[in-house]
Structures are given as structure tokens and as C-alpha cells.
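Open the structure in your viewer and keep the selection tool at hand. The tour below goes from stop to stop and says what is found at each.

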Amino acid sequence: MISSDVFRVFVPLLPVYLILVSLAGCRESASSDPAPLSGTLYVTSPDRSRLLEPRKVEEVSRPAPEGIPIRIDPHITYQKMDGFGYTLTGGSALHLQKMSEPARDSVLQELFGIENNGLGISYLRISIGASDLDEFPWSYNDLPTGESDRDLKQFSLAYDTLYLIPTLQQILKIAPRLKIMGSPWSPPVWMKDVNDTRGGSLKKEYFPVYAQYFVKYIRGMEKMGIPIDAITIQNEPLHPGNNPSMLMLADDQALFIKNDLGPAFLKEGISTRIVVYDHNADRPDYPISILNDPAAARYIDGSAFHLYGGSIDALAKVKEAHPEKNLYFTEQWIGAPGDFAGDLSWHIENLIIGASRNWCKIVLEWNLAADDKLQPHTDRGGCDRCLGAITIQGDRVVRNPAYYIIAHASRFVPPGSVRIASEMHDSLPNVAFRTPQNKISVIFLNKYKKKALVHMRYEDRQLDCTLGSGEVGTLVFEPEF
């Protein structure tokens, strides 16, 4: 039983106690309110006055009536990304290896590292044998005219040990999770129906031998510490005029995969992904026809595309026809001397945004590096106007349009990021991702002729971003999940 004395002491203090309890509850309620949303907008301008320039963006409680909304929905998800990058051509590797060691270390850290604002490039394409951006055309089994080597006893990666392999080994020390795709421009000429590195087709009698050529290549690179994530069967199979090059029709590619390459990989326990086509978006029928063959499709991971012809939205037709297969965007060049404003706008809209919105798991620009004379390249069809993402002159490095195009994605959309839904506008194309670190990255382009105020809406929160005409922005923010 409580005594009357206790009541005489406690009752007068009761209002004070209730007020203190109420205030404590208010403080607890206030502390549970979500923290204001903030992010960083990285901006590149068409006149180069801003190059990945960071700008703080804060949450808006009372949005301005003007402006364009982009609604982001993290609950609608699409493909998981493998990465963004370039083709490390033989010529690119040559220039890197001719730099002094400190200069090479510095540029590779900048390109492939993630510290100190590195680009974080996460995917590379390389040529299986020579591409047209090598010093000369060659393969891993070159023989005197009239000779053949069905057992591939003379197969050798020797030339690649000069430039390409040392460069890849150094890159993998910086970025051990980097993935690599190999693409052949031509098999050895003795396997072809023309005695030339350019054009012609693979003789059917050499289909099994060529399958073993791929096996030896993958195993040989593995021994060098270089895992090959994927291979395409033939670079630009409908363009036999390059040097080196080869014509390979869809029926032949399907036949080669289902009868020879697929079974060879299966027998050898090779997990490298097989990717078909690797050419322009104007022929979606090519990969679809191969994937329509169940005997070939069982070995195939997906299809690869370039955009020298056709429209990027054609890739969605392949996804619609075979939703279980993956899509990859593997090449797009920039012609020298380059038009920074035009190249930035077109490539961001069609590749970084367009290819990603059309299901591509990777987006790659063409050659990583060239010198100021656009060397090396092969004769009789090699590209003599291919501007590298960087130009290397001795130890000096010049950063070109493709450097910034890829940087707007590679630095902020690491492997494992998932594309999520975002509201599309014709004059404000965009694409959004959720990263493995639970950040949201939105890449967008202002195609309006004037400055644009963009309301970036994430559920019931909003960040306002301003982009000048022609500017590209990557917004990165971390909501509460």
C-alpha cells in the first residue's frame, strides 16, 4: 500500500513528468525521420568546360513548378550488368608497353583502378590473333603457303607475349575482377577457302580443327593468368573487306557451334561463354536464326552487337525472341580527329543509355589507345582513322571523347549493378541502376536547346538537378533501403 505522504509528494510533480515524457517521445519520433537525401552529380559539357565535374545535390522539400520529372522505380528490375570498357587492341597494348614503367603504371591505375577517381573499367574485349589495329595480320598458327597443321602442333601465343599479355597481367593486378571477351578477325589462312587474311570463309573440313584452336587459345591464356569470360565466333561476320576478316553466314555459325565448338567446350570443361553474331544492329535476324536452332542454342549464352548500321532498339527484338539469352554491345568507333560535342551526345544516347535500355550487359567502345598518327593498323583495309579513348605520345596521354563517354558509366555502375526502371523522355534520355553498394546511379543527357531543371524522383523523395544544353550528367545517391 502506497502511503498518503508519497501521494502528497508525487501528485504536484505529475504534470512536469508527463511533459518530460512527451518531449522524449517527440525527440524519439524526430530521430526516426529519414535523413535528408543528398547526392553528387557529375557533369561533362560539350565544350569541355566541365569534365566529370562533381556537384552536390540536396533533397527538395518544395519542388519548383517548372522542370522535367524523371521517376525512378527500384522495384522494376532488368538485366545485371557485367561492365563498361573498351577493346584493348594489339596496337593499344603496344603503345602502353612502350611507355616508361611509371607512366604506364599511372595511366593503368587511372583507367582500371577505383581509387583517386579512377574510371573502374570492368570489361575488355581483345582480339583472338590480330585485329586491323595491329602492326600486321597474323594468327596463332601461321604456316608457309600450302601447309596445314590439323593437330595444331605449331599453335603459339608468342606474339601476344610481346605486348598484349604483359598489359593484361598488369591490368588484372589492379582490377582482378575484370572480365575479358575474345573475338577473332580471321582464323589461320590455311583453314580458309582463300589464301588471304582478308575475306573468304572457313572450310567445313576445318570446323573441328578451328574448334580446337579456340580451346588451345583459352587454355593458353589461362596458363598466363588471363581467364577468358566469353568469346564471339567472328568479328563482323558480314564484313569480309577488313584486314584481317572472314565471311561467316548464320547457317555456318550455327553449324560450327552445335557440331564442333559447343561439344569441344563441353568435353574440355570450358566455362567460357559462347556469343554469336558480333555485328551491326541492322541484322537481328542473324542471331535469331541461330538461336532458333535448339541444338546450337544449348551452347550459346547470347548475342553481340555493333551500331555502324541499324537502330539500337533492334536489339530488343532479339531479346523478345529469346528472352533467356543475354545481349552484349561490343564495339563502336570514333573517327579522328573527333567531335567532342557530337560524339559525347550520340554515344551517350545510343550506347551508354540506348544499349543498356535494350538489355545489353556490357557496353564497350572500340580501341582503348592509339598514337597521334593513329597507328598501328594493317594495310588493305585496316582502320586509319580510329581515334583511341586515349592518345599516347611517348609518356604523354591525351583523353579523347570515348574516355569520358565510358567514364560516365564505368566509375558509377560497377559489375553486378542492376538496371532499374526510369521514366524516359525524348529530349532527356536516361538510364538508372542500383549498384551492389545499394546506391542509385542515373545517367542522363540534356538534348534541349536550353538549360534543363530535372526533378529526379525516387519513391516519395526528390533531388533537383540542372544540366546545360548538351551536357551529360551522372547522378549518384544512396537512399535508405
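A residue counts as buried when its relative accessible area is under 20%. Select Asn242: its relative accessible area is 10%, so Asn242 is buried. Keep in mind while looking that this is a predicted model. Asn242 lies in the loop between strand 7 (230-232) and helix 7 (250-268). Leaving aside residues up to four places away in sequence, Asn242 touches Asp132, Trp185, Arg198, Arg380, Gly381 and Gly382.

Stay in this loop and select Pro244, which is also found between strand 7 and helix 7. The peptide bond that leads from Asn243 to Pro244 is cis, with omega near 0 degrees. For another cis bond, go to Ala336 and Pro337, where omega is about 5 degrees. Pro337 sits in the loop between strand 10 (326-331) and helix 11 (340-357).

**The whole chain**

Zoom out. The chain has 481 residues, and 57% of them are buried. Its secondary structure comes to twelve helices and 20 strands. The C-alpha trace spans about 115 × 55 × 45 Å along its principal axes. The chain exposes about 20400 Å², of which carbon and sulfur atoms supply 51%. Of the contacts with a separation of 6 or more, 71% are between residues 24 or more positions apart.

**Helix 3 and helix 5**

Next, select residues 90-97, which are helix 3, and residues 164-174, which are helix 5. At what angle do helix 3 and helix 5 pack? The angle is about 75 degrees, and the axes are 8 Å apart. Angles of 65 to 115 degrees count as roughly perpendicular, and helix 3 and helix 5 are therefore roughly perpendicular to each other. Show the side chains at the contact: Ala93, Leu96 and Gln97 come from helix 3, and Leu164, Pro166 and Thr167 from helix 5. Four residues of this contact are nonpolar, two are polar and none is charged.

Select Ser127 in strand 5 (residues 123-128). Is Ser127 buried or exposed? Its relative accessibility is 5%, so Ser127 counts as buried. A polar atom of the Ser127 side chain lies 2.7 Å from the backbone oxygen of Gly129. Beyond four places in sequence, Ser127 touches Asp134, Tyr140, Ser183, Trp185 and Tyr217.

Move on to Leu152, in the loop between strand 5 and helix 5. Leu152 is not a glycine, yet its phi is positive, near 55 degrees. At 2% relative accessibility, Leu152 counts as buried. Tyr277, in strand 8 (residues 273-280), also has a positive phi, near 75 degrees. Tyr277 is buried, with a relative accessible area of 1%.

**Last stop**

Finish at Ser427, in the loop between strand 15 (418-422) and strand 16 (430-434). Ser427 has 25% relative accessibility, so this residue counts as partly exposed. Ser427 touches Leu445, Asn446, Lys447 and Tyr448, not counting residues up to four places away in sequence. Pro414 is 13 residues from Ser427 in sequence and 26 Å away in space, C-alpha to C-alpha.

Definitions and conventions:
Residues numbered from 1 in each chain as written. Predicted model: local features only at pLDDT ≥ 70, side-chain atom pairs only at ≥ 80, totals over all residues. Heavy atoms only, no water. Helix = DSSP H or I, 4+ residues; strand = E, 2+ residues; numbered from the N terminus. Buried < 20%, exposed > 50% of the residue type's maximum accessible area, 1.4 Å probe, protein only. Contact = heavy atoms within 4.5 Å. Polar contact = N/O pair within 3.5 Å; in protein donor to acceptor, adjacent residues only side chain to side chain. Axes fitted to C-alpha atoms, helices over the stretch in contact; angles between N-to-C directions. Parallel < 35°, antiparallel > 145°, perpendicular 65-115°, else oblique. Nonpolar A, V, L, I, M, F, W, Y, C, P; charged D, E, K, R; others polar. Areas by Shrake-Rupley, 256 points an atom, 1.4 Å probe, with all protein chains shown as cover.
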